[in-house]
Amino acid sequence: MEQMSDVDRSIAEAPLPTVKTLRRRKSLGYQATRFIAFNFRMMKMVTRAHH
Amino acid sequence: MARVVILGAGISGHTAALHLQRQLKSKAEIIVVSPNSNWNWIPSNIWVGVGKMTKDQVTFPLAPIYKRKHIGFRQAKAVAIHPEGSPDNPQGFVDIVYTDPTRVGEEEQLTYDYLIVATGPKLNFAATPGLGPDANSWSVCTAGHAEQSAAALETIIEALKAGERKTLVIGVGHGTCTCEGAAFEYTFNVEHELRERGVRERADVVYLSNEYDLGDLGVGGMIFAQNGFETSSKLWTESLFRERGVRAILRAHVEKVDPGVIHYEELDGSRHTLDFDFAMLLPPFRGVDMKAYASNGEDITEDLFAPNGFLRVDADYETKPFEQWAPEDWPKTYQCPRYANIFGVGIAFAPPHAISEPRKSPNGTVISPAPPRTGMPSGVIGRTVALSIADRIRRGDQATLRTASMAAMGAACIASAGTGLRKGSAAAITMYPIIPDRRRFPGSGRDLTQTSGEIGLSGHWTKLLLHYLFIYKAKARFGWFVIPE
């Protein structure tokens, strides 16, 4: 069980998102801007993959 | 008129068929052979598996599309390739056996001028005793499997509502599995559903994987630049597991699944058991069972196919240590080295090696992810090979083949962590290149300006948009070709 304990410990020590971060992840306005930004980035990548 | 036969109608094979038809119109006869009558947008199967979509929302019949596009369709499975033809006729042909309910068991020989092998994977449940929906665990690999999983999950939720405690294990069912991303998605969609249904506190959710670290996803993990720091996909994923209270068992090879008990070996060689009430464990993949014969009848299966059953293409298959793996090992044109008119695309081509570092337990058990080559790379490769073949049909065999190496290609991956237009979330990831190149990009092997990850509601919107967009494209509706792969 030693390896499993390592994994459990690693997860337990991982950073937790703050309330502000969690709120931002659900904020319609902020997420709308992220939606545009990510899709723009994805399109750049796709365009590159096609050439 | 040249004839192109495409074995398989998944993302890669179907993409190749549509592009070939668009390029060549009446200059070639295109025939697709697929044992399945439906096309399936597999990335959305995880939503079928939690009852948020139906099977009909992620599948559609292929025959009407092919009829409209003047593409031949045989609902059949290919059982053998004869690349040199027969002693009487040197033209290559494939033996197919119909699975079409009106012709089931009938055999046919299909000659070809060009052959695209896009047969995808065989879901190798048999590699782990007790694995799979016909035995003791569930799957979301097909829409039908996902429906079964949803029904089983519903039973568990009813028991949780009645006050019982339950353990749900989701992950991969063998040390050499790929598609850890799908297991990750299903884990968090189930966890999300349990919260939505108000029964989360009575459920233990466990992610069981062959990855060395969380966030490996079969691509060796990623490094992202965020807020002025370089952060790893490991830390990023661990944070999500902590936030959502999901336990993880990593570096594990599932040896056997008994009713309610998973037996697994860890990388240190230790063996353990894990009791469960619900288990969705993805199977390892191998190539479909297909033989190959020379014109004199000699069995040349081992010349065409790698030991894992996938088609050998223009990759460097020399066995070499992890430190010597190079981006150039990966195929560029996907042409079969021995027969210039055969190509392997999507999951059907044999990768030269893994992407994640290979590891073995002291007992000699391989416990490390196989390389993923689904989704976007599959579509791009299918399209590229279609354009190469179209060039050769139009301009002759001297036309230069087009290239689409995964070492020169980026990918976008949207890993759902729960559905809902207001409450959903997903990890939206981009990476470039898919195959790390540590000479070009010292350190992580990837371009930090193009490798990124973020979690939020917008990721869910993107995944949902892609669901509708790619089904529209696969149905070959007006302007389908404008939508990139």
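## Close-up views of a predicted two-chain model

**View 1. A network of salt bridges in chain B.** In this predicted model, K52(B), E154(B), E158(B), K161(B), E193(B) and R197(B) are linked in a network of salt bridges. One pair to look for is R197(B) with E193(B), whose side chains meet at 3.2 Å, N to O. How exposed or buried are these two partners? R197(B) is partly exposed, because its relative accessibility is 26%, between the limits of 20% and 50%. E193(B) has a relative accessibility of 4%, so E193(B) counts as buried. Over all chains, the structure holds 37 salt bridges.

**View 2. A pair within helix 6 of chain B.** Here the side chains of R195(B) and E191(B) meet in a salt bridge, with 3.1 Å from N to O. Where do the two residues lie? Both belong to helix 6 of chain B, residues 180-196, and they sit 4 residues apart, about one turn of the helix. R195(B) is partly exposed at 38% relative accessibility, whereas E191(B) is buried, with a relative accessible area of 1%. As a general point, side chains of opposite charge can pair when their charged atoms come close.

**View 3. A salt bridge from chain B to chain A.** Now we turn to a pair that joins the chains: E454(B) and R34(A) form a salt bridge, with 2.8 Å between N and O. The pair crosses from strand 24 of chain B, which holds E454(B), to helix 3 of chain A (residues 28-49), which holds R34(A). Is E454(B) buried or exposed? E454(B) is buried, because its relative accessible area is 17% and the limit is under 20%. Between chain B and chain A the count is 3 salt bridges.

**View 4. The contact between the two chains.** How many residues does each chain bring to the contact? Chain B gives 49 residues and chain A gives 31 residues. Together the chains bury an area of about 3600 Å², and carbon and sulfur atoms give 62% of this area. On the chain B side, R242(B), E454(B) and W461(B) supply 16% of the area that chain B buries against chain A, more than any other three residues. There are also 14 residue pairs in polar contact across the interface.

**View 5. The side of chain B that touches chain A.** Several elements give two or more residues to this side of chain B, among them strand 16 (261-266), helix 9 (376-395) and helix 10 (457-474). Which element gives the largest share? The answer is helix 7 of chain B, with 7 residues. By kind, the residues of this side divide into 24 nonpolar, 11 polar and 14 charged.

**View 6. Nonpolar cores in chain B.** In soluble globular proteins, nonpolar side chains tend to be buried together. The largest nonpolar core here has 138 residues. Which residues have the most contacts inside this core? They are L20(B), I81(B), I116(B), Y186(B), L304(B) and I342(B). To follow one of them, take I342(B): leaving aside neighbours within four places in sequence, its contacts include I81(B), P83(B), Y112(B), L304(B) and Y334(B). A second, separate core has 15 residues, including L131(B), V169(B), I249(B) and I262(B).

Notes: Residues numbered from 1 in each chain as written. Chains lettered and ligands numbered in written order. Predicted model: local features only at pLDDT ≥ 70, side-chain atom pairs only at ≥ 80, totals over all residues. Heavy atoms only, no water. Contact = heavy atoms within 4.5 Å. Buried area = accessible area lost by both parts, 1.4 Å probe. Salt bridge = Lys/Arg side-chain N within 4 Å of Asp/Glu carboxyl O. Polar contact = N/O pair within 3.5 Å; in protein donor to acceptor, adjacent residues only side chain to side chain. Nonpolar A, V, L, I, M, F, W, Y, C, P; charged D, E, K, R; others polar. Core = buried A, V, L, I, M, F, W, Y, C linked by side-chain atoms within 4.5 Å. Buried < 20%, exposed > 50% of the residue type's maximum accessible area, 1.4 Å probe, protein only.
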